[in-house]
Amino acid sequence: MSQAAIAEKQLLVETATTQFQNAASVVVMDYRGLTVQEATELRKQLREAGIVMQVIKNSVLSRAAEAAGLEGMNDVFKGPTAIAFSNEDVIAPAKIIADFAKVAPALEIKGGVIEGKVSSAQEMNALATLPNRDGLLSMLLSVLQAPIRNTALIIKAVAESKEEVA
């Protein structure tokens, strides 16, 4: 192997290592059986959410995961592998990929990384069932508003009952 080829592989490993280290979440998937049209649509949906999807050789991914300190990832780097990196939203990649797998059953989540912790396919699929960030924020806002809303309703009911008495 030439020096240029070795240098190129080292650069690929370093780039993938940096992506693993910077990612809020990573989803590793088997894309075998997806049509070109389906793969293009999946990439488009991920890109719109700010997620990078790449097909990288398993040997490069194994070295990069090891360099990033992610033990136990080698089991998911078998067969054709695509990987989605999200630097901001932890839930979005798993949610988009799991939803897309309902339409394209050939797509399968193999595992991933959630905030630096290696996760199984089951954990990634469980993550996909959670509401997204906006959904979680609206749920929190609803919980915070409930006491105020209830107090306002009680005050209104008391005021109406005093008007009826008067």
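In helix H5, residues 121-128, the buried residues are Ala 121, Met 124, Leu 127 and Ala 128; buried means under 20% relative accessible area, taken with a 1.4 Å probe on protein chains only. They span an arc of only 120° around the axis, and therefore lie on the same side of H5. That arc is taken over the directions from the helix axis to the C-beta atoms. Helices (H or I, at least four residues) and strands (E, at least two) are DSSP runs, numbered from the N terminus.

This is a predicted model, in which local features need pLDDT of at least 70 and side-chain atom pairs count only at pLDDT 80 or more, while totals for chains, interfaces and linings use all residues. Residues are numbered from 1 along each chain as its sequence is written, and side-chain values use heavy atoms, without hydrogens and water.

What do the buried residues of H5 pack against? Their partners are strands E1 (25-30), E4 (108-114) and E5 (117-120), together with helix H4 (92-103); contact means heavy atoms within 4.5 Å.

I turn to the cores. A nonpolar core is a set of buried Ala, Val, Leu, Ile, Met, Phe, Trp, Tyr and Cys residues joined through side-chain atoms within 4.5 Å. The largest has 24 residues, of which Met 29, Leu 42, Leu 46, Ile 97 and Leu 107 touch the most other members. H4 gives this core its largest share, 6 residues. Apart from it lies another core, of 18 residues, including Phe 20 and Phe 77.

Definitions and conventions:
Buried means under 20% relative accessible area, exposed over 50%, partly exposed in between (1.4 Å probe, protein chains only).
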